[in-house]
Amino acid sequence: MRLVQVLVPTGKRKTVLRTLDEEGVDYAVSEETSGRDFVAVVTFPVPKEAVEPVLERLREAGVERDAYTVVVSAETVASTRFDQLQEKYEEDEDNGDRISRDELASKADDLAPSLPTFVVMTVISAVVATAGLLLDSPAVVVGSMVIAPLVGPAMAASVGTVVDDDEMFVRGVRLQGFGGILAVGSAALFALVLKETGAVPLATPEVLAIPEVSERLSPDVLSLAIALGAGAAGAISLSSGVSTALVGVMIAAALVPPTAVVGIGIAWGTPESVVGSAILVLVNFLSVNFVAIAVLWQQGYRPERWFRQSKARRTTLFRIAALGVGLLVLSSFLGTVTYTTYRNSGFQADAEAAVQDVLDDTDARLLELDVRYDGGPLQEPSAVVVTVGYDPWGDPPQVQAELTERINAVAPDPLTPWAASEIDVEVRYVAVDS
């Protein structure tokens, strides 16, 4: 519920009070003695869903749009008329369970922090995320998400779009772009210091093989679902007036770890290996903004003045279309990665079957089959290591040539021109006393 305080212009007192009576609103009136063009201050409680419609009625009654108006949260209201008013707006599905346009804009503006605070929190978040990834610590990575100030700029850009506030929109976009670059730069610098000082004495393959890092090198379409869900949750939580803190963690989950992985790849001198993470960062930024704008527009948020609504509609549709095209282009990469993962899973099964077929004609047996992939985001198979167990009282079976031929026969066609033309097959023999 909300407590609203409004200044009543000279000559509009009776009209304003009559309007509140018609709406079934309890109110208190006090005299306004500042000597300006106002005669009274009216204070009244209303459900959060009723703020916008009641204020619209008051503006129709003569309260100026830029007049002094305060809306604050109220904990408890004991009033029979308020209970009736609340029931009325709970049954009214047109307005929905959402806060007023003015309150939405104010909350979105507050979520976008001042530049010094934004810079400090972004740098800290990126550094903590980088440390968590290199430590392979999910708890530390989650901690970096908690302190990331990324929900504010995304929501500011989305709200600025639907209410036609160009200043808020531009500020949100600038903070998002600057924040992404700052996070990557901070992660790269911190990772480079760790590498050069020997605090993390790992070679490039070992760093990229860290589970918390490797899982973000080749993102699939499920990553898109996470970002879309985060944007929708952010818009809904903001428009319903509930805390966006937990939703901010979800949005940060889609943005902070991939930017840290990009920084790690730059620090270890293999930017080509983290192309997938860089694309994931862009997809996540676009997804959060795309779905947040769509959700807020669908909830009915529009500019105050009717003559600006047509412009806002054109602007919103254009931005949704532009974000949608960008998402389609970049998501095609995620779709390709998903297909590659499915294809490689099938290749592993086919390779195991081929090896087993060859070994069936011998006394040896398959102990392990390890498929190795190149460092690119599309994960083309480049080598297969087959570990064969044999009787220590006999000689190891000579199956190198046949396994190489059979494994390459079931290998998938390469998706990239730089993929290896033939898969290297290494056979390792282990004496096994059966």
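The model is predicted: local features need pLDDT of at least 70, side-chain atom pairs count only at pLDDT 80 or more, and totals for chains, interfaces and linings use all residues. Residues are numbered from 1 along each chain as its sequence is written, and side-chain values use heavy atoms, leaving out hydrogens and water. Helices (H or I, at least four residues) and strands (E, at least two) are DSSP runs, numbered from the N terminus.

**Sheet**

- Four strands form an open, antiparallel sheet in the order β2-β3-β1-β4; two strands pair if DSSP finds at least two bridges between them.
- The edge strands, β2 and β4 (69-73), each pair on one side only.
- From one strand to the next, the twist averages 20°.

**Strand β3**

- β3 spans residues 38-46, and seven of its nine residues are buried (under 20% relative accessible area, 1.4 Å probe, protein chains only).
- β1 (residues 2-9) pairs with β3 over eight antiparallel bridges.
- Leu 3 has Pro 45 as its bridge partner in β3, and Val 6 has Val 42.
- β2 (residues 28-31) pairs with β3 over four antiparallel bridges; the β3 partner of Ala 28 is Thr 43.

**Helix pair α11/α13**

- α11 (residues 221-239) packs on α13 (residues 275-298) at about 40°, with axes 8 Å apart. Axes are lines fitted to C-alpha atoms over the stretch in contact, and angles run from 0 to 180 degrees between N-to-C directions.
- The crossing is right-handed (near helix turned clockwise from the far one by less than a right angle).
- Contacting residues (heavy atoms within 4.5 Å) include Leu 224 and Gly 231 in α11, and Val 283 and Phe 290 in α13.
- This contact has 14 nonpolar, five polar and no charged residues; Ala, Val, Leu, Ile, Met, Phe, Trp, Tyr, Cys and Pro count as nonpolar, Asp, Glu, Lys and Arg as charged, and the others, Gly among them, as polar.

Key
Buried means under 20% relative accessible area, exposed over 50%, partly exposed in between (1.4 Å probe, protein chains only).
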